[in-house]
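Please open the structure in your viewer and keep the selection panel at hand.

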Amino acid sequence: MEEFKRIIQKRNLILKGSILVCIILSIMFYVIPFEKTYEIGISFQLGICIGILFLGLLGIYKYSKALKDEQMLKKLYIEEHDERKMMIKQKVGQSSLITIVLSLAIITCVSAYMNMLVTKTLICVIYGILFITLIFKIYYSKKY
Amino acid sequence: MKTKIKELRKANKISQDELALAVGVTRQTIISLEKEKYVASLVLAYKIAKYFDLSIEDVFDFSDVEGIQ
C-alpha cells in the first residue's frame, strides 16, 4: 500500500505539471497573434488543453482525497487492480483494435474512388496502427 | 464455473462488499463470480477459499471444466 501511495503522489504531481503546461499554452494561444490559416489547428489544440485541464482537476481531486483517507486509498487500489476490470480492459482493447483496423480498411477502399489524399492518409494510419501493435506484441512476448 | 460463494457468504452473514474488500476485488467481481459469469484467477480463488477457511475445491466446482477428470 505504501508503494501505491507513492505512485498516487507521483501521479498527482504529474497532473499538476500537466495542468500548468496547459494553462501556459492556453494563454499563449490567446496572446500570440497567429496567422488565420492556423486558426483551426490552434482551436483544436486549445480544446485539448481545456479538456486536459478539466480531467486533470478531477484527477487531482480524486487522488488528493485518497491520499488523506486510508480507506479511500484502499478502495482506489482495489479498483485499479481488480482482475475482472483488467480483463475487460484487455478484451476492449483487442476487440476495438480489430474493429478499427477493419473499418479503416473498408473506408480506405471506398475513399479510393473519391479522394487519393484521404486514401493515402488512411493507408498510413492503418500501417501505423499495425506497426505499433507489432512492436507491443514483440515487447510483451519477450516480457512474459 | 459453478461456485458456492453465495451460499458460504450467506451462511457466514457476510455482505458482497465485505467479501470484496477482504479479498481485494470490487463488489462487481463478487457479483459476477456468484452469477457464474466470471472465472476467478488462481490467486483470487485461493484468497476466497482461505477467507472461508476451506480448500479451493470446496468453494469452486471443477466438474464442468474440460480436461479435468
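How much area do domain 1 of chain A and domain 2 of chain A bury between them? The two domains bury about 280 Å², where buried area is the accessible area (1.4 Å probe) that two parts lose on being put together, summed over both. Of this area, 40% lies on carbon and sulfur atoms. This is a predicted model, in which local features need pLDDT of at least 70 and side-chain atom pairs count only at pLDDT 80 or more, while totals for chains, interfaces and linings use all residues. Residues are numbered from 1 along each chain as its sequence is written, chains are lettered from A and ligands numbered from 1 in the order in which they are written, and side-chain values use heavy atoms, with hydrogens and water left out.

Select residues 1-81 for domain 1 and 82-144 for domain 2 of chain A; these bounds come from an automatic or database domain assignment. Their centres, taken over C-alpha atoms, are 27 Å apart.

Next, select A:E79, A:E80 and A:H81, which lose the most area on the side of domain 1, together 89% of what that side buries.

Finally, turn to the cysteines. The structure holds zero disulfides over all chains, a disulfide being a pair of cysteine sulfur atoms within 2.5 Å. For A:C22, the nearest cysteine sulfur, that of A:C49, is 4.3 Å away. The sulfur of A:C109 is 15 Å from the closest one, in A:C124, too far for a bond.
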